[in-house]
Amino acid sequence: MRSPSLSRRLAGGLSLALVTTVAALVTGTAQPAAAADQVLLFDDFNGTTIDTAKWVPGLHQWGGANNGVVPENLSVQTVSDNGQSIGVLVAQANGTQYTGPVRGVKSTNGALPIGDPQRYTRQSTGQLTGGLVWTQQRFGAGRYEVRMKNLPMPGGCSCIWNYYEPGTSDYTEIDIEMPANGTANRADWSRWAGLNSYIAPNDAGATYQNVDLGLNNNDGNFHVYRWDWYDGTNGAKRIEFYVDNVLRATHTGTVPVSPAQLWVGNWPAAWSGSFNYATQYQYIDWVRISTLGGGGGPDTQPPTTPAGLATTGKTATTVNLSWGASTDNVGVAGYNVYRNGATLLASTTGTGTSTQLTGLTPATAYALTVKARDAAGNLSAASNQITVTTDPGAGGGPNKVVNGDFEGASLSPWSCTGTAAAAAGAGVGGSRAVKLTPTGSTTARCEQAISGLTPGATYTLSAQLRSDGSYGYLGTVVSGVATERGTTSSTYTTVTVPSFVAPASGAITVYTHAWRQQTAPVWVDNVTLS
């Protein structure tokens, strides 16, 4: 269940002037051309109020069952960041337990511009509301950076995006979306983000990419989220997405060219998880927009090929790598490590020639290569390929899951909610499998409490799943932390959850589910924990 594009979350067929004072900007007036690497906008929120010369306090509602974003959920405050006082824009999110004075809105007159108070009808509750701002002006290709601390809980998407749709064939949108621990269209969003780009408001004109950021989105720390947008005039057309200066994705197929307004904050996306809370907060430290490149033409020369890739050590879940340095006509910006030549496993910055891969699966072969990259996004050819097999996990032994093949008519000792049944003839090779059938409002889920694990030993959960179109998930809960992986494969495919170390109690929970808001059945067979 992929989250819909922001263009479809914004009400369709509307005038896209955000407020009367910026109507001309939305319909055609962009920032004047600026010199290379010039800062076009910077705000560190060190005052006492929002600078309305730069920002529009967001008033809007889109995306179905929510009460929109309202200015009452915004404030400028001083907080402590590692012992230092900093000014921040605080964007409040209100869940279903909220009873305070804020009141949300519904968009009831789509003929009026976004942000026009007469477009909306105030609601009797402030539940399911968020807070965000958008820039007064449109900005073109360049570097967009936001230092912020995300919402800590599910139920609300911490987002950064730019947006421009004048009602013609012209269209601009670039997104970074982080729904904390919601489920959205990934099984486990605690480390993932949606990195999207559009040249048209439809799937054919979009690139959707869900990326492991290498950190927990809600770890309580400030992080710098950034994209570098090259539209062909300041470098080869591409969009590079970074978190804390680590490259996480590059888009080349859907690179817009028209200036757009930047939106920053949170909104109550229905797909972002449970809203079972009163209030939570997102903290935005600073925002900077600056130009990139320009002058002398784009750099199109790739670095030289790294040589001598080798492993210098490994465990059940890690591999240490080293390689020979590359050179570049401008300078090497870092290295990317790939599995099977395509899947990005790690990205380094600087000229260092070693890294450690973490979170790997025990007893698994990894075919690895390295490519060098420069600041323009040029990639070298791949290094020599090596194959490294991680060590076996320390858990071992027989399967710890009881009735993991579902061959009995009963699902015991699984505890199931929603619609779940042991279906004959539906499993691997014609055996039984558990059939999970979600509805628009109910998740189909089966879980089993596991005890007697060896404390400190490493275990891995796997199963075979297939689907008629819904997302099916497999997961573990260890010391209160849930980790899951999913698939929509129409044929049985093996899903493996990242390995874990058994806690001192020796007790965990394993589960499988098909998330609500989808209706196609999911089949699960051969659940194994060893």
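Predicted model: local features only at pLDDT ≥ 70, side-chain atom pairs only at ≥ 80, totals over all residues.

Reader: Which cysteine is bonded to Cys 157?

Author: Cys 157 is joined to Cys 159, with the sulfur atoms 2.4 Å apart. This link is right-handed, with 110° about the S-S bond. Both Cys 157 and Cys 159 are buried; buried means under 20% relative accessible area, exposed means over 50%, and partly exposed lies in between, using a 1.4 Å probe and protein chains only.

Reader: And what about Cys 416?

Author: Cys 416 forms a disulfide with Cys 446, and their sulfur atoms are 2.1 Å apart. The pair links distant parts of the chain, 30 residues apart: Cys 416 lies in strand β25 (residues 415-417) and Cys 446 in strand β28 (residues 444-450). Strands here are DSSP runs of E with at least two residues, numbered from the N terminus.

Reader: Is Cys 446 buried or exposed?

Author: Cys 446 counts as buried, at 0% relative accessibility. Cys 416, by contrast, is partly exposed, with a relative accessible area of 30%.

Reader: Turning to the sheets, what is the order of the four strands in the open sheet?

Author: The order is β21-β20-β23-β24, with antiparallel pairing. Two strands pair if DSSP finds at least two bridges between them.

Reader: Which strands stand at the edges?

Author: They are β21 (343-347) and β24 (386-389); each has a single partner strand, so one side of each is left without a neighbour in the sheet. Neighbouring strands of this sheet are turned by 35° against each other on average, direction ignored. Such angles are taken between N-to-C directions of axes fitted to C-alpha atoms, and run from 0 to 180 degrees.

Reader: How many bridges join β23 and β24?

Author: Strand β23 (residues 365-374) pairs with β24 over four bridges, in the antiparallel sense. Ala 367 is placed opposite Thr 387 in β24.

Reader: What is the strand order in the open sheet of five strands?

Author: That order is β26-β27-β34-β29-β32, again with antiparallel pairing. Its edges are β26 (419-423) and β32 (493-501), each with a single partner strand, so one side of each has no neighbour in the sheet. Between β26 and strand β27 (residues 433-437) there are five bridges, and Thr 419 stands opposite Thr 437 in β27.

Reader: Finally, which residues line the second largest cavity?

Author: The lining consists of Ile 176, Leu 195, Leu 213, Phe 241, Tyr 242, Val 243 and Arg 248. A cavity is a set of points on a 1 Å grid over the protein atoms alone where a 1.4 Å probe fits but cannot get out, and lining residues have an atom within 4 Å of a point. Strand β14 (residues 238-243) gives the most to this lining, with three residues.

Notes. Residues numbered from 1 in each chain as written. Heavy atoms only, no water. 1 Å grid on protein atoms, 1.4 Å probe; cavity = no way out; pocket = protein on both sides within 12 Å on 5 of 7 lines; lining within 4 Å. Disulfide = S-S within 2.5 Å.
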